[in-house]
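Please keep the sequence and the coordinates at hand while reading.

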Amino acid sequence: MAKAKNPKGLLEACALYLSSKYPFTGKDLMDFATKITGGSWKPSPGSVYPLIERLKMRGLIYSVSSERYIITDSGRQELNNLVLQLKNIKQMIETVLNNLNNFDPKVES
């Protein structure tokens, strides 16, 4: 499988999901994203640590130690919103892929 770029919103969803399960570290987040994508995507520290800072600034996670973070109530709401967005994107992509084989632009014009 080809290596994927950072899909928009996916790293944030991973961070919030992980923080809803246990206090996570940046390394935990990188390992989690790699594992759930079957190794096709491994976020870099340059993506992970700035994201953690942004999530803290937005009040979606907070520090429980110098390196571990956990979700807030606002973070849970944001996680629910992100999951719905990702489900909508998945449905749209599936629709497009299913229709590509059946679409003839010469007939549809």
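## Aromatic pairs

In this predicted model, F24 is buried, and Y69 is buried as well. The two aromatic pairs that the structure holds can be taken in turn, and a pair of aromatic rings is described by the distance of the centres and the angle of the planes.

Y17 and F32 form a stacked pair, with 5.7 Å from centre to centre and 15 degrees between the planes. Because Y17 belongs to helix α1 (residues 10–21) and F32 to helix α2 (residues 26–36), this pair ties together parts that are 15 residues apart in sequence. With a relative accessible area of 38%, Y17 is partly exposed. F24 and Y69, in turn, form a tilted pair, for which the centre-to-centre distance is 5.8 Å and the angle between the planes is 55 degrees. Since F24 sits in the loop between α1 and α2 while Y69 is part of strand β2 (residues 69–71), the pair ties together parts that are 45 residues apart in sequence.

## Salt bridges within helices

Side chains of opposite charge can pair when their charged atoms come close, and the structure holds six salt bridges. One of them joins the side chains of D31 and K27, at 2.7 Å from N to O. Both D31 and K27 lie in helix α2, where they are four residues apart, about one turn of the helix. D31 has a relative accessibility of 36% and therefore counts as partly exposed.

Another of the six salt bridges is formed by K56 and E53, whose closest N and O atoms are 3.4 Å apart. Because K56 and E53 are three residues apart in helix α3 (residues 45–57), about one helical turn separates them.

## A salt-bridge network

The side chains of R58 and E78 also meet in a salt bridge, at 3.6 Å from N to O. As R58 is located in the loop between α3 and β1 (61–63) and E78 in helix α4, the pair ties together parts that are 20 residues apart in sequence. R58 is partly exposed, its relative accessible area being 46%.

How are E12, R58 and E78 joined into one network? The link is made by salt bridges that share partners, and these bring E12, R58 and E78 into one network.

## Exposed methionines and a nonpolar patch

What makes the nonpolar surface patch of about 570 Å²? The residues that make this patch are I89, M92, I93, V96, L97 and L100. M92 has its place in helix α4, which covers residues 73–100. Since the relative accessible area of M92 is 52% and exposed means over 50%, M92 counts as exposed.

M57, which is found in helix α3, is likewise exposed, with a relative accessibility of 73%. Between M57 and N102 there is a separation of 45 residues in sequence, and their C-alpha atoms are 47 Å apart in space.

Note on methods: Residues numbered from 1 in each chain as written. Predicted model: local features only at pLDDT ≥ 70, side-chain atom pairs only at ≥ 80, totals over all residues. Heavy atoms only, no water. Patch = residues over 30% accessible without salt bridge, like charges linked within 9 Å, V, L, I, M, F, W, Y side chains within 5 Å. Areas by Shrake-Rupley, 256 points an atom, 1.4 Å probe, with all protein chains shown as cover. Salt bridge = Lys/Arg side-chain N within 4 Å of Asp/Glu carboxyl O. Helix = DSSP H or I, 4+ residues; strand = E, 2+ residues; numbered from the N terminus. Buried < 20%, exposed > 50% of the residue type's maximum accessible area, 1.4 Å probe, protein only. Phe/Tyr/Trp six-rings, centres within 6.5 Å; stacked < 30°, edge-to-face > 60°.
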